Amino acid sequence: MRITYLAIAACVATLSSLTGMPAPAKAAGVDKLYILDCGTGSAPDQARWSPGVNVGVPLNVSDNCYLIHHAQGWFLWDTGIADAVAAMPDGLKGVNGAPDWIRKKTLAAQLDQLGVKPADIKAMAISHTHPDHIGNVELFPTVMLYVQKAEYEWPGVNGAPRFNPSHPVTKLEGDYDVFGDGSVTIISTPGHTPGHQSLLVRLPKTGAVVLSGDVAHFQDNWDNRRVPVFNTSKEESLASMDRIAGILAKEHAQLWINHDKPQSDAQKKSPDFYE
Ligand SMILES: [Zn+2]
């Protein structure tokens with residue numbers, strides 16, 4: 001009897017790994033993920049992100065925000081370039097090789113289209129504190145923000161704080177299971193910045209997805225494990241990419257690279273969604 005049971009259990013485990021579906025219980029609380037357009041960037045030289053490769057070749061990037069619906073409420077991942085950029089006729093000009101940014105629609109308008117008010121958001125997190133990710137944090141002044149302590153305490157320009165000190169915050173030191181059911185997990189991936197983080201989402205139909213943050217900026221850089229010249233730690237960046245690769249293998253997860261424009265252009269955008 002015992003051997004038979006174990007044999008069946010082994011078959012089920014094998015089937016599960018072949019289909020790549022996460023255990024259903026782990027996706028229990030999450031039912032929808034929306035990809036929001038949070039900006040488009042164009043930079044003069046890709047080599048800023050891929051040292052020595054495609055030098056002088058321009059790079060176009062997407063900039064996405066992700067809105068996740070869970071039985072306990074809405075969760076927002078990254079906030080994109082500031083909504084104010086949408087009103088600038090020529091967009092926001094980049095300096096020192098950083099991208100020029102335009103915003104075709106605001107984050108506020110896209111939430112409004114879904115009937116979601118900023119106060120309806122239960123919790124939010126940002127991958128890191130670069131301006132193309134934190135531009136609209138204060139659109140949600142009362143929403144709990146999950147950020148790594150190392151990022152929160154990283155001094156900004158002239159030592160300025162990176163967040164409004166009155167914004168409610170939970171300072172993390174490592175991974176964090178947001179809803180306590182394994183459906184949405186913040187993954188600590190330092191290197192691009194001192195407290196950079198990524199997000200593992202276990203969706204009921206799509207399966208597991210890792211939202212990259214800027215652990216890599218586009219597919220070719222990911223495939224070749226390239227580290228941009230301006231990352232705060234090359235060693236940590238490589239370790240974080242290794243860590244994400246391990247999670248992708250274990251979870252049979254897709255890697256959704258925030259700034260990879262060809263990948264992003266092929267994805268469903270809000271008000272459409274992934275289940
Ligand atoms: Zn970025």
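Two strands count as paired if DSSP finds at least two bridges between them, and in this predicted model one such case places Thr185 opposite Leu200 in strand 10. The chain has 7 helices and 12 strands, and its radius of gyration of 19 Å is close to the 19 Å that the globule rule gives for 275 residues, so the chain is as compact as a globular protein of that length. A zinc ion is held by protein donors from Asp132, His133, Asp214 and His259.

**The chain as a whole**

- Along its principal axes, the C-alpha trace of the chain spans about 70 × 45 × 35 Å.
- Of the 275 residues in the chain, 48% are buried, and the chain exposes about 12500 Å², of which carbon and sulfur atoms supply 58%.

**The zinc site**

- The donor atoms are OD of Asp132, NE2 of His133, OD of Asp214 and NE2 of His259, and they lie 2.1 to 2.2 Å from the zinc ion.
- The 4 donor atoms subtend angles of 87 to 165 degrees around the zinc ion, and the arrangement is therefore irregular.
- Along the sequence, the donor residues of the zinc ion follow the spacing D-H-x80-D-x44-H.
- Distant parts of the chain are linked by the pair of His133, in helix 3 (residues 131-134), and Asp214, in the loop between strand 11 (207-211) and helix 5 (219-223), the two being 81 residues apart.
- His133 counts as buried because its relative accessibility is 0%, and Asp214 is also buried, with a relative accessible area of 3%.

- Five strands form an open sheet in the order 8-9-10-11-12, with mixed pairing, and its edge strands, strand 8 (176-177) and strand 12 (254-256), each pair on one side only.
- Strand 8 pairs with strand 9 (residues 184-188) in the antiparallel sense over 2 bridges, and Tyr176 has Ile186 in strand 9 as its bridge partner.
- Strand 9 and strand 10 are also paired in the antiparallel sense, here over 5 bridges.
- Strand 10 is antiparallel to strand 11 as well, with 5 bridges between them, and Arg202 stands opposite Ala208 in strand 11.
- A hairpin passing through 3 residues joins strand 10 to strand 11.
- In strand 10 (residues 197-203), 7 of the 7 residues are buried, so this strand is largely enclosed by the rest of the structure.
- Gln197, Leu199, Val201 and Leu203 point one way from strand 10, while Ser198, Leu200 and Arg202 point the other way, and all are buried.

**Two individual residues**

- Gln267 is found in the segment after helix 7 (261-265), and with a relative accessible area of 11% Gln267 is buried.
- Leaving aside its neighbours within four places in sequence, Gln267 has contacts with Ile35, Asn64, Trp256 and Tyr274.
- Thr170 belongs to strand 7 (residues 169-172) and is partly exposed, with a relative accessible area of 25%.
- Beyond its neighbours within four places in sequence, Thr170 is in contact with Met144, Leu145, Tyr146 and Val147.
- The C-alpha atom of Thr170 is separated by 27 Å from that of Ala109, a residue 61 residues apart from Thr170 along the chain.

Note on methods: Residues numbered from 1 in each chain as written. Predicted model: local features only at pLDDT ≥ 70, side-chain atom pairs only at ≥ 80, totals over all residues. Heavy atoms only, no water. Donors = N, O, S within 2.8 Å, 3.2 Å for Na, K, Ca; no water. Tetrahedral: all angles 85-135°; square planar, octahedral: opposite > 155°, others 65-115°. Helix = DSSP H or I, 4+ residues; strand = E, 2+ residues; numbered from the N terminus. Buried < 20%, exposed > 50% of the residue type's maximum accessible area, 1.4 Å probe, protein only. Rg over C-alpha atoms; globule rule 2.2 N^0.38 Å. Areas by Shrake-Rupley, 256 points an atom, 1.4 Å probe, with all protein chains shown as cover. Contact = heavy atoms within 4.5 Å.
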